[in-house]
Amino acid sequence: SLTIPHCCTLHLNHRITHAMVRTIVTVLTGCAAVASAFVPSTKPSMGAPVRSRRATTTTMGVPTDTPFANPDHDLLVRAAKGEECERTPVWLMRQAGRYMADFRKYSDNYPFRVRSETPEIATELSLQCWKAYGMDGVIMFSDILTPLPAMGIDFDVIKGKGPVISNPPRCAADIAKLTHLEDPGAQLPFVGETLRNLRKETEGRTSLLGFVGAPFTLAAYSVNGMANKHCFETKKMMSHDPEVMHAFCDHLATNIGEYACHQIEEGAQVIQFFESWAHHLSPDQFSEFAKPYANKAMAIVKAKHPDVPVIYFANGGSSYLERQTDMTSDSVCLDWGVDIAAARKTLGPKTPVSGNMDPMILFGPEASIRKEVRSIIDGAGGPGAHLLNLGHGVMQGTPEEAVGYFVDEAKTYTK
């Protein structure tokens with residue numbers, strides 16, 4: 001017996017196959033109450049606020065008791081591989097963030113590392129936005145700096161300042177003392193537990209993303225000690241002791257590659273590499289200090305997990321997009337500083353892309369948000385031709401309903 005909440009009960013005498021599940025879901029999509037039981041979705045009316053809707057797992061009355069399959073559950077994975085899809089899948093960088101009131105109930109009461117390193121909390125924070133708005137992917141709530149303490153670089157997140165490195169490595173001796181991420185499961189057990197929790201919640205319902213910081217970005221943050229608009233200490237090292245910076249980036253490339261593999265082995269279906277500090281680099285500096293080490297780390301992932309798509313995002317890197325045409329990634333995520341149609345011409349037709357709406361558009365009226373979503377989808381080649389995202393993370397203070405409009409327009413703008 002299969003129970004559909006608030007609707008009907010369907011009695012089945014035979015074993016349900018995946019094909020039957022797809023048929024049942026398709027037949028029942030005309031009933032909004034039933035559809036919402038299968039997968040979270042958002043259907044905001046014009047000018048009306050989007051209300052949070054909890055996703056419920058409807059299970060089949062068979063021995064496996066597996067969640068009902070959402071036909072679009074792997075749309076994001078397929079788009080990241082470069083497959084053309086029925087519609088444009090959508091997720092947002094920093095979609096689990098302080099713009100949500102439910103998220104702030106945790107961020108106002110628990111320090112960042114408590115939240116990110118406590119699997120129960122990290123799992124809840126990862127799922128909140130998906131339950132509310134039905135993105136096509138859930139990304140683990142964590143931080144690019146999370147693996148650093150396991151390598152001997154400690155950090156904390158200070159309110160009003162952001163992450164602060166307590167022991168910045170700034171010479172060859174400091175780099176030589178760094179340790180290796182030899183057993184992520186033992187050294188960072190909370191990461192694996194969070195991903196396993198999330199995979200159970202999302203299996204057959206949506207895609208699960210993991211992420212890492214790219215080697216240069218992690219090196220730059222570590223050397224500088226904290227965010228700095230001039231990247232002062234890091235650029236001094238690049239100029240005066242480039243061999244030390246190269247050694248540091250190389251150390252990180254190996255370890256971050258293995259860390260990304262660990263995330264896949266714990267359940268992640270897509271990995272995004274964040275080159276968050278690419279905006280500090282000139283084109284030549286990118287080619288020397290960032291690109292080779294990002295490629296080395298991503299090559300480790302592709303060697304072990306060739307079927308798992310890898311996305312590379314260089315924040316501020318659109319000014320040297322032509323140098324990203326041969327990245328080891330499967331896909332390139334674009335920042336908002338480039339026209340997506342022009343970016344596609346630069347990268348070539350064989351390079352899948354994601355992005356790239358200006359996050360500030362989400363502070364505008366609903367009509368403007370929907371218009372911009374359609375414009376970006378059209379510029380990328382039309383519905384189903386790319387993976388929609390912002391060109392940076394969701395900003396604190398973004399109206400929650402705006403995220404709903406963004407997701408809804410992507411999911412309803414079809415061929």
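**Cysteines.** I started with Cys129, which is buried at a relative accessible area of 0%; buried stands for under 20%, exposed for over 50%, and partly exposed for anything in between, using a 1.4 Å probe and protein chains only. Cys171 is partly exposed, with 33% relative accessibility. I then searched the whole structure for disulfides and got 0, a disulfide being a pair of cysteine sulfur atoms within 2.5 Å.

**Ground rules.** I am working with a predicted model, so I noted that local features need pLDDT of at least 70, side-chain atom pairs count only at pLDDT 80 or more, and totals for chains, interfaces and linings use all residues. Residues are numbered from 1 along each chain as its sequence is written, and side-chain values use heavy atoms, with hydrogens and water left out.

**Backbone.** A reminder to myself: most residues other than glycine have a negative phi, and most peptide bonds are trans.

Where does Cys231 sit? I found Cys231 in the loop between helix H10 (215-224) and helix H11 (232-240); helices (H or I, at least four residues) and strands (E, at least two) are DSSP runs, numbered from the N terminus. Cys231 has a positive phi of about 50 degrees without being a glycine, and it is buried at 0% relative accessible area.

Arg94, also not a glycine, has a positive phi of about 60 degrees. Arg94 lies in the loop between helix H3 (75-80) and helix H4 (101-107) and is partly exposed at 47% relative accessibility.

Last entry: I checked the peptide bond from Gly355 to Asn356 and found it cis, with omega near -10 degrees. Asn356 belongs to strand S10 (residues 353-357).
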